[in-house]
Amino acid sequence: MRNERPAEGVRSGERPMTRYYPTVGALAVLFLFPLVWSGWSSLEEPDNYLRMARFGEGVGTYATNSVLVSGMTVAGTLLVSALGGYAFARFDFPGKNVLFLATLAILMVPYATILIPLYVLLGYIGLQNSLVGLSLVFVMFQLPFALFMMRNAFEAIPRELEEAALVDGCGTFRAFSRILLHAVRPALVTVGLFAFLASWNDFFAPLILLNDGASFTLPVAVVSMTQGTFGAIDYGMLQAGVMVMAIPCLILFVILQRHYVRGFMSGALRG
Amino acid sequence: MSLTLGKPRGRAAHSAPPVRWRGRRVQGWLYAMPTAVIVAVLFIAPLILVVWMSLNKWPLLGQATFNAPGNYAKIPSNPLFYDAVLFTLKYTAITTVLLSAVALGLALLVQERRPGVGFFRTAFFLPGAVGFAAAALLFYGMLNNDFGPIDPMLRAIGVIDEPIKWIGTPNMALFSTIALVLWRFAGFNMLILLTGLQAIPTEVYEAARSDGANRWQVFTKITLPLLRPTLALMLILSVTGSLLAFDQFFIFTNGGPDNSTTTMVMVVYRDAFFRFDLGGAAALSVVLLVALVGLNTLMMRRLR
């Protein structure tokens, strides 16, 4: 991760380098060791991945479900928050403040306490045990952060850019889709990354909202490996499952680190 | 009074809006409509529904019948409830203290630009990119006596002679879970604290130093007070997250042995899907919701 702060030694006083590097180095080993161990032990027997591929409905089914859910969550979150962010940054309409506060209130309400009613509610609209229903729930949970990020991003665009487009005869939607959306691209990447990580990794929501093995996402399927067959847990296969879940996140994180850190800096986590 | 002097201020200063800026109330609503639908259907409606469900006998399958306040009245006699509350509070207290300390330590270690510091920040944060369920499963394998590396390593350096039941006893399960949470979340909290640390102007440190303050004085008199809002945010996130703990105990112990590691959310889950009592689960959810919203509000007022 990058840091703009140049002043060395000013903040904590000069620390002797001979003590600094061994300390952070040992800590880094401590933090990286479990990941390295898991990757190594998943590869110890090549069979681990083959057994995992045949586990339950087949890991391909679960991975496909996960990709579908994450894809729909990312697309849905981007769509809703880009439109909404534009509305909140550039328009005045009745109920604007109420809607904004209601969206931020999602952060105040603990996630786990509304999943039971969501399970019942999705049943009413025919989306129980459905990947679409699960994705919509993820979009809702992402919305406070995403809307806040997108509103700030649109507010940061000079009004003149939009006015010029409007004077040129664009409608607001063309101004939005042709010019403004391009200008907020970094914020879209941040919002999309957070939406992906949350939906790909979440265990509790799919555990409650999906009840048919064929529709399980990876976390639910891999956790079910710990139930074992005839009491014996296949630990090698389990670590292969961990790797399948972890590797896409690790790669995305390393590539998009700067966008991730911007999410933190934005203050959007503050609610 | 300068009302008549110069150009009027406010919106006219940007030159009058072009004609096409009219009709924007309707347009604004159209752009905000998807947000409004999602919030209304998937947030407001379930909030109302959870209250309504809590007032009904609501089996997993079959007809709901009004029975208020039956679901609330039976909470005290739920055999799991008190133990779950006590265990969750204990877990939250220990986790929050340790996590804050470790995260602050890491943040202080990597706050300055030095060669390689970016690598160390990434290394500390990397576990946070892995999903929590995946992290728990990773530890589940790592702590296994035969498959995992921890026992053999400890045996090799002579710390232990016999296998350790890392998740077999209540205290060890708690200990192992906290190790997992520290590994998974320390970097996340470090990042939150770093944003706060970097907002402190370097000049403040320079001034303190030229006044002869030593390192400890700088830390207690400058860093900590100026970091207070960020520390508060981290505490709120950590307390809320810990009070809602589920995944880690579901995966490690499934609440055992003898329900000694059952958390509050786990009780909600079991009421709903093992006792098929959605009404009871809804009543517990409402209690948890009110308690957490109250606690969050209180912490925000107090700590900020």
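Reader: What radius of gyration does chain B have, and what would a compact globule of 304 residues have?

Author: In this predicted model, chain B has a radius of gyration of 26 Å, whereas a compact globule of 304 residues would have one near 19 Å. The C-alpha trace of chain B spans about 85 × 65 × 35 Å along its principal axes, and buried residues make up 39% of the chain.

Reader: How many helices and strands are there in chain B, and in what pattern do they follow one another along the sequence?

Author: Chain B holds 12 helices and 2 strands, and, read along the sequence, the pattern is α-β-β-α-α-α-α-α-α-α-α-α-α-α. Of the contacts in chain B with a separation of 6 or more, 71% are between residues 24 or more positions apart. Chain B is also divided into domain 1, which covers 20-70, and domain 2, which covers 81-261, and the C-alpha centres of these two domains of chain B lie 36 Å apart.

Reader: What does the secondary structure of chain A come to?

Author: Chain A comes to 12 helices and 0 strands, and its C-alpha atoms fill a box of roughly 70 × 65 × 35 Å along the principal axes. Buried residues make up 46% of the 271 residues in chain A, and among its contacts between residues at least 6 apart in sequence, 81% join residues at least 24 apart.

Reader: How many residues of chain A are in contact with chain B, and which helix of chain A gives the most to that side?

Author: The size of an interface is often given as the accessible area lost when the parts come together. Here the description is by residues in contact, with 82 residues of chain A meeting 80 residues of chain B. Helix H12 of chain A, residues 235-265, gives the most to the side that touches chain B, with 14 residues. By class, the residues on that side of chain A divide into 59 nonpolar, 15 polar and 8 charged.

Reader: How should I read a pair of packed helices, and at what angle do H3 and H9 of chain B pack?

Author: Two packed helices are described by the angle between their axes and the distance between the axes. In chain B, helix H3 (residues 81-109) and helix H9 (residues 215-243) pack at an angle of about 145 degrees, with their axes 9 Å apart, and the crossing of H3(B) and H9(B) is right-handed. Among the residues that H3(B) brings to this contact are Thr88(B), Tyr91(B), Leu99(B) and Ala103(B), and those from H9(B) include Met234(B), Leu235(B) and Val239(B). The contact of H3(B) with H9(B) has 7 nonpolar, 7 polar and no charged residues.

Reader: Why is helix H11 of chain B described as largely enclosed by the rest of the structure?

Author: Helix H11 of chain B, residues 264-273, is largely enclosed because 8 of its 10 residues are buried. Met264(B), Tyr269(B) and Asp271(B) are among these buried residues. The buried residues of H11(B) pack against helix H5 (115-124) of chain A, together with H3, helix H10 (247-252) and helix H12 (278-303) of chain B.

Reader: Which residues does the cis peptide bond with an omega of about -10 degrees join, and where does Pro257(B) lie?

Author: That cis peptide bond joins Gly256(B) and Pro257(B), and Pro257(B) lies in the loop between H10 and H11 of chain B. Another cis peptide bond, with omega about -5 degrees, joins Ala68(B) and Pro69(B), and Pro69(B) is in the loop between strand E2 (65-66) and helix H2 (70-73) of chain B.

Reader: What is the phi of Asp258(B), and what is the phi of Asn259(B)?

Author: Phi of Asp258(B) is near 55 degrees, a positive value in a residue other than glycine, and phi of Asn259(B), likewise not a glycine, is near 60 degrees. Asp258(B) is placed in the loop between H10 and H11 of chain B, and Asn259(B) is found in the loop between H10 and H11 of chain B. With 9 C-beta neighbours inside 10 Å, Asp258(B) counts as exposed, whereas Asn259(B), with 18, counts as partly exposed.

Terms used
Residues are numbered from 1 along each chain as its sequence is written. Chains are lettered from A and ligands numbered from 1 in the order in which they are written. This is a predicted model: local features need pLDDT of at least 70, side-chain atom pairs count only at pLDDT 80 or more; totals for chains, interfaces and linings use all residues. Axes are lines fitted to C-alpha atoms, for helices over the stretch in contact, and angles run from 0 to 180 degrees between N-to-C directions. Helices (H or I, at least four residues) and strands (E, at least two) are DSSP runs, numbered from the N terminus. A crossing is left-handed if the near helix is turned anticlockwise from the far one by less than a right angle, and right-handed if clockwise. Two residues are in contact if their C-beta atoms, placed from the backbone, lie within 7 Å. Ala, Val, Leu, Ile, Met, Phe, Trp, Tyr, Cys and Pro count as nonpolar, Asp, Glu, Lys and Arg as charged, and the others, Gly among them, as polar. Domain bounds come from an automatic or database domain assignment. A residue is buried if 20 or more other C-beta atoms lie within 10 Å of its own, exposed if 12 or fewer, and partly exposed in between; C-beta atoms are placed from the backbone. The radius of gyration is taken over C-alpha atoms; the globule rule is 2.2 Å times the number of residues to the power 0.38.
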